[in-house]
Amino acid sequence: MFKSLLIILHYEILTTLRQAYSWLTPVLFFIIVVCLFPLAIGPDSTLLNKMAPGIIWVAALLAVLISIGNLFKQDAHDGSLDSMLLSQHSLTLLVFCKILSHWITHCLPLILISPILGILLQLNNQQELTLIITLFLGTPVFILLGAIGSGLIVGIRAHGLLLPILIMPFYIPVLIFGTSSLIAVAQNQPLSAYYAIMGALLLLSLAFAPLFTAFALKIGVDQ
Amino acid sequence: MKLIAENIGYERNFQNLFANVNFELKKKECIIIRGANGCGKSTLLRILAGLIRPITGNIFWNDKSIIEDKDYQHEIHYLGHQNGVKPYLTVEENIHLNSTLAGFKILNIDTLLQTLNLLSVRNKKSQYLSAGQLRRLAFAKIMAFPRKLWILDEPTTALDTEGQRLFDDMLQSHLSHDGMAIITSHMNEISDTHKTLILGDNNV
Amino acid sequence: MFFKLGLDWLGKNFLSPKMFYANTTKLLPWLAILFMSFFCYGLIDGLFYAPADYQQGDGFRIIYVHVPSAFTGMAIYAVMAVCAVITLVWRIKIAAICMSCSASIGAWFTFLALVTGSIWGKSMWGTWWIWDARLTSVLILLFLYLGFIALQSVIDNQQTKERASALIAMVGVINLPIIHYSVIWWNTLHQGPTISQFAAPSIAPTMLYPLLAMIAAFLFFYGWMVLTRMRSQILLREMKTEWVKKIYE
């Protein structure tokens, strides 16, 4: 069974990679948004350093939001969603494969490019490391929670900005702890509490979100 | 082995789509559902596949309600309007993915592709296939591993005469091996010796 | 055992739309009367007779609208969450109707809480808005309500609409404590040593009773409004049945 899930994961990633625009767009969006801020608030280094945690995290959040609504859209369109629903394997596990492939293709590039953006916003070295770790812990939660909303709206054709409006309040805890950890490391405060809380949020989402997403898919398909 | 549909009704936004659909299906039987466009044939098939819950009525597979029977969906092949084919994967990759999803290992993919007349396009991405080829690709999982009940929504759309003959042979073979089938169609090519249900009149 | 008896009685008299409609007809005027009486007592006592706060003077009196509306906004979300669970697990129509009807009432109360909180802030600190834990949490609650209402308005199919919004309400109520505590934590992190609290930790009885009365009044108002809306919804849905046609003969 594990082998089957690996095969399915492989095909999910393959499908996404073959559509270059689908995973390139969030990264480019991330870069552009971050670059807009210095232009908007001025090149003052101290000010940029103070605002950098917020800017990078909000930009990452938005970059995830623009792509998460379409998590199941193509599957619903070509009929493979029905195959998933009728599959031998548990829908929760299949959803987990989809979420994992989405994170690998959409969020890993964000995490890899974030240090460079950190330099643009005058982050120091300690903050860079914390940024990578917290993005690593936080972006999966964004996708896991976004998947629940995305499952609910799977039957709606023109949903527009509905999913961001729906899901954004749930992103607030991760946002708060992610940005605060960067501020804390700049003030040489211990980070263990932040990592612990973000890890806890990640584990909680991992445990419940795929299940809720499977439930949401069954609801959303009932059209 | 039988399927009983009892008093199935569905409504959309307080408007009745169809009501009082009753039929029984046994081994070697095939029922063809006909009706005007928009009368709910596809919805009825999705209800029979367990993807949608009916507003009224119940469906029994071997005397067990399909809502409680977790294994029901593993004993059916459902083919909707769409083909269940991922456009950015090749023909062979699609077959591999669908069989993995269904929990089945295909032993001889070459013979399968040969029968479906897709051998020449096996490494082509499915977005470049014609509608008829896509429909035949959708048949791949139905041919590859046997399941007792087939629920097919307009299976012969976009197929040329070759393809339709292929489908007829598939269906006949399935029925003769104790299979059951529920098909919607507006084509008269499918033999009229099967049971017919007309939605809107509810006659069998 | 009494719990089961109570549930049976509830089920027999309120579960089906027809019984619900019949049995709530007499409730409505009572709810309206209770609301009016508590409202009048609370307002008059609170605005005129309760002593002025030693710190804030007469400006604190807005507490008599702000706290009840915030409380009611949160209480309504809790009711929606319970209805959501009932809708998802037992598929009971009445619960789904209650949930949909409560949403906009709850949203308005939350909005009222924000506006009155902002007016209070203006009189206390001179700014129309302050990012403290309480106001920010209420703002997020408003977003949750708006998301729920938005989801309901986008989905066409009735069955899907009820179950999808039920799920989002349930996910919302599970996340709400996490969001609330993270906002409190965020606030203490960014706050300086000056901490501002809205309600005093111990409140004099002469100030408390009108407050409790106003909370009760708002809750009765909610009950009155939601039952009225549920009854219209039931009539709309059961439009084609016999008993509805009889009512309009």
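1. Which residue stands opposite B:Ile4 in E2(B)? B:Glu24 does. Keep in mind that this is a predicted model, where local features need pLDDT of at least 70, side-chain atom pairs count only at pLDDT 80 or more, and totals for chains, interfaces and linings use all residues. Residues are numbered from 1 along each chain as its sequence is written, with chains lettered from A and ligands numbered from 1 in the order in which they are written.

2. Now the sheet in chain B. Its 4 strands run E2-E1-E4-E5 in an open, antiparallel arrangement (strands, E, are DSSP runs of at least two residues and helices, H or I, of at least four, numbered from the N terminus; strands pair if DSSP finds at least two bridges between them). Strand E2 (15–25) and strand E5 (64–65) of chain B are the edges, each pairing on one side only. Strand E1 (residues 3–12) of chain B joins E2(B) through 7 bridges.

3. Over in chain A, helix H6 (residues 91–120) packs against helix H9 (residues 192–221) at about 105°, axes 8 Å apart (axes are lines fitted to C-alpha atoms, for helices over the stretch in contact, and angles run from 0 to 180 degrees between N-to-C directions). That makes H6(A) roughly perpendicular to H9(A) (65 to 115 degrees).

4. What about the two chains together? 21 residues of chain A are in contact with 23 of chain B (C-beta atoms, placed from the backbone, within 7 Å). On the chain A side, H1(A) gives the largest share, 6 residues.

How values were computed:
Angles under 35 degrees count as roughly parallel, over 145 as roughly antiparallel, 65 to 115 as roughly perpendicular and the rest as oblique. Two residues are in contact if their C-beta atoms, placed from the backbone, lie within 7 Å.
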